Amino acid sequence: MKVLVIAALEEELEPFLNEFENWEEDRNSSGDFYYHKKVIIESKAVEIFASVSPKYSKVASAAHVTRMMYMINPSIAIMIGICAGDQSKVKLGDLIISEKVYDYETGKRKQELLLPEIQSHELLPPIMGLIKQRKKQYKTDLNAFFRDDFDVYLASFACGSAVIEKDDIFQILQSKYDRKTLALDMESFAFFEAIKGFSYLCYAIVCKGVCDYANNQKDDEYHEAAALRSSKWAKYFIENDLKKLEINSLILLPENTPFYPITLPRPAIGLKDRELWRKVIGWREQYDEHFINSSSNLESESGLTFYNLGNHQYLLEVSLGLYAYQAGYLYIYLDESENQPRWEILKLRRFIFDVDDVITGEYYDECVAGLADFDTNTRILSIYHKSRGIGDGYSAQYHIGDGGRINLLNSTLYSLPSSGEEFIESELDISIQYPIYEDLSDI
């Protein structure tokens, strides 16, 4: 399981880093600096990634979180740090967990009047229920640790693009946008927006400590204490509550319903894009290992080619790299005509020959070796497979129909006898149903 912990400032992340030892430090391909470590929680391995946005703004935060999501593809993402709180309802040091986050600056400005078009994100139901169930326990256990008396709230975060010093800001937010608004910050909506734009299955949650009241008495005196309490909650949640979530099974979708759990790049450029597609489609990892070993430029080559079949259907060609005589490929049918796409790794009909080139059986194989060409107009996949002999090989043509149905149109066997006789071209009789072999080791 992978967990991403995000903060907007170094001072917000540092207390969380201090909760664990022996962090590894690294940078991703975009130059983002991050910390990484593995922990064992009740015999299960959990990978924790922690990072800070390189710039302090909503846009920079969203871009940074997107890059980290792309690299990690976590099961849960947590934003920690500090926020302003409603002085009439919370006190300094209280923790506020995001029931909802919204951007209160979205809309149309007509002279001095803002006509709002509120955009918001809420906790997914499984984690919402868990937080509501556990809120009292958070307060009890964390207060016992700090030997203090602070509260834990589940409420709405309002997000804007600037630091606010306005005495009545919470009254305005509660009356105009959401009566349950208790927290004000700059990054939580961008955090949610980036995660939900990348992954349908990643749980997202914000927990921040109240450091000021967004009024004219605003100062930095309580930043450290508020950040520490937020970090302590994040560690407590990871160690105690992750096991209570059904990670990557949101129970919102019918069982076995096909869907893309993450946003998949198309066109796919480079190995990282290829890895995301493999995680979803599920082809064998050893195929990629061979592709990596035989590829010269993994930064720009993914080995993935998409052919548009029309009506939101695609044929995905996956290069498996070079083998002894020719390249290898997988072919995957993608149907995106519905809200929930489906896919299938195609298996092509192949034949087994004896020493005299007589067909003795057939089998169906997902791994294709040969010179391949696909015509999107006719939907015909042509493959020429080179055999060991000088002129030996065979060709086959397959039609890819709607729904991923495959029809073998023809197949031809080629041979050049060693005695120097004329080149032989034999059309195979594909109408015959030959004995089918499930396991070629039986031949």
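**View 1. Packing of the buried residues of helix H8 in the predicted model.** Within H8, which spans residues 285-294, the buried positions are Tyr287, Asp288 and Phe291. Viewed along the axis of H8, these buried residues lie within an arc of 95 degrees, and they therefore line one face of the helix.

**View 2. The crossing of helices H7 and H8.** The two helix axes, those of H7 and H8, come within 11 Å and cross at roughly 165 degrees. Because angles over 145 degrees count as roughly antiparallel, this crossing makes H7 roughly antiparallel to H8. The contact involves Leu271, Arg274 and Arg278 on the H7 side, and Glu285, Tyr287, Asp288, Phe291 and Ile292 on the H8 side. As to handedness, H7 passes H8 in a right-handed crossing.

**View 3. An open sheet of 5 strands with antiparallel pairing.** The strands follow the order E20-E21-E22-E23-E24, and the edges are formed by strand E20 (371-375) and strand E24 (424-427), each of which pairs on one side only. From one strand to the next, the twist averages 15 degrees.

Methods:
Residues numbered from 1 in each chain as written. Predicted model: local features only at pLDDT ≥ 70, side-chain atom pairs only at ≥ 80, totals over all residues. Heavy atoms only, no water. Pairing = 2+ DSSP bridges. Helix = DSSP H or I, 4+ residues; strand = E, 2+ residues; numbered from the N terminus. Axes fitted to C-alpha atoms, helices over the stretch in contact; angles between N-to-C directions. Buried < 20%, exposed > 50% of the residue type's maximum accessible area, 1.4 Å probe, protein only. Arc of directions from axis to C-beta. Contact = heavy atoms within 4.5 Å. Parallel < 35°, antiparallel > 145°, perpendicular 65-115°, else oblique. Left-handed = near helix turned anticlockwise from the far one by under 90°.
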